[in-house]
Amino acid sequence: MVGVARNGRRREGGRRTREPVSEPVDGGLARLLPDPDRPRAWTLLLDDAPQSHVDLDDPTHLDFEYQRRIGHLIDLAAPPGRPLRALHLGGGALTLARYVAATRPRSTQQVIEADAALTALVRRELPLEGAWRIRVRGGDARAGLARIPDGWADLVVADVFGGARTPAHLTSVEFLAEVRRVLRPGGLHTANIADGPPLAHLRAQVATAAAVFPELCLVADPAVLRGRRFGNAVLAASDRELPVAELTRRAAGDPHPGRVEHGRALTDFTGGAAPVTDATAAPSPQPPERVFHRR
């Protein structure tokens with residue numbers, strides 16, 4: 001007899017295997033696929049777009065390229081182990097919130113995630129540790145941001161996608177002004193930005209951040225920065241000097257090495273792009289279908 005248990009586990013003759021979990025959520029069809037190389041790790045897909053990877057045995061393991069780069073910035077946001085007050089705009093499988101909780105115990109974190117059904121699925125199938133101070137709020141990221149007190153956050157992580165695109169109202173100067181408002185002096189903002197040739201969206205997002213923050217850097221695969229393929233870039237912004245040298249060293253040592261742009265090189269990269277306002281904002285580009293092809 002075959003019985004499917006929670007977390008997609010199937011018991012066959014006393015042996016436990018893992019089965020994919022599929023469930024409709026507010027944003028489409030969510031699927032949790034078991035990682036064949038890690039016994040308690042899962043990849044979350046939403047309408048076949050990879051969203052998150054979680055290893056329940058090791059929350060410090062960041063499998064996605066862009067999440068490793070945000071992880072480097074989290075590591076460099078304060079001395080090692082110091083608790084942070086972190087705000088996550090977009091939750092997914094809560095991978096980065098888990099990373100902060102594991103690497104910086106006693107951190108206080110708020111997550112704003114619009115998809116309540118997705119949050120319920122993640123809590124059920126990929127439960128959080130009881131001691132972690134992670135509060136997940138439902139609702140729109142920008143509306144939730146407006147309710148955060150001035151200077152509350154040491155760290156703001158923006159990783160919001162409606163399907164595979166960042167909503168337009170989360171790409172503007174007005175949005176980033178709200179991000180800066182909730183950051184304490186010296187706090188760090190980091191954002192996941194997806195784009196491909198001719199990189200018009202990414203260049204405009206750098207120009208938009210430069211209109212709000214005095215210090216910026218950008219890290220991505222060199223092929224993405226050269227406009228050769230669609231991919232993710234991670235933008236970091238602050239009112240203080242950023243740890244560019246150490247970030248460059250860490251990004252270069254990744255399994256898929258990244259390049260860091262900063263200063264004049266980053267200004268040149270924008271190519272004169274204009275900052276985005278609420279009046280001119282548009283969603284990030286739709287990725288090519290081949291980006292989500294999985295074997």
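Leu199 is buried, with a relative accessible area of 0%, where buried means under 20% relative accessible area, exposed over 50% and partly exposed in between, found with a 1.4 Å probe and protein chains only. This is a predicted model, in which local features need pLDDT of at least 70 and side-chain atom pairs count only at pLDDT 80 or more, while totals for chains, interfaces and linings use all residues. Residues are numbered from 1 along each chain as its sequence is written, and side-chain values use heavy atoms, with hydrogens and water left out.

**Overall form**

- The protein has nine helices and 15 strands; helices (H or I, at least four residues) and strands (E, at least two) are DSSP runs, numbered from the N terminus.
- Along its principal axes, the C-alpha trace of the protein spans about 65 × 40 × 40 Å.
- Of the 295 residues of the protein, 51% count as buried.

**The loop between β12 and α6**

- Leu199 lies in the loop between β12 and α6, and its phi is near 70°, a positive value in a residue other than glycine.
- Pro198 is found in the loop between β12 (183–195) and α6 (200–210), and the peptide bond that leads from Pro197 to Pro198 is cis, with omega near 5°.

**Another positive phi**

- Asp48, which is not a glycine, has a positive phi of about 70°.
- Asp48 is found in the loop between β6 (41–46) and β7 (49–55), and it counts as partly exposed because its relative accessibility is 40%.

**Nonpolar cores**

- Of the 35 residues in the largest nonpolar core, Leu87, Leu202 and Leu218 touch the most other members; such a core is a set of buried Ala, Val, Leu, Ile, Met, Phe, Trp, Tyr and Cys residues joined through side-chain atoms within 4.5 Å.
- Helix α5 (residues 173–182) gives the most to this core, with four residues.
- Apart from this core lies another, of 26 residues, among them Phe64, Leu73, Leu188 and Val219.
- Leaving aside neighbours within four places in sequence, Leu87 is in contact with residues including Gln110, Ile112, Trp152 and Val182, where contact means heavy atoms within 4.5 Å.

**A buried aspartate**

- Asp159 is found in the loop between β11 (153–158) and α5, and this residue counts as buried because its relative accessible area is 17%.
- Leaving aside its neighbours within four places in sequence, Asp159 is in contact with Tyr66, Leu89, Gly90 and Asn192.
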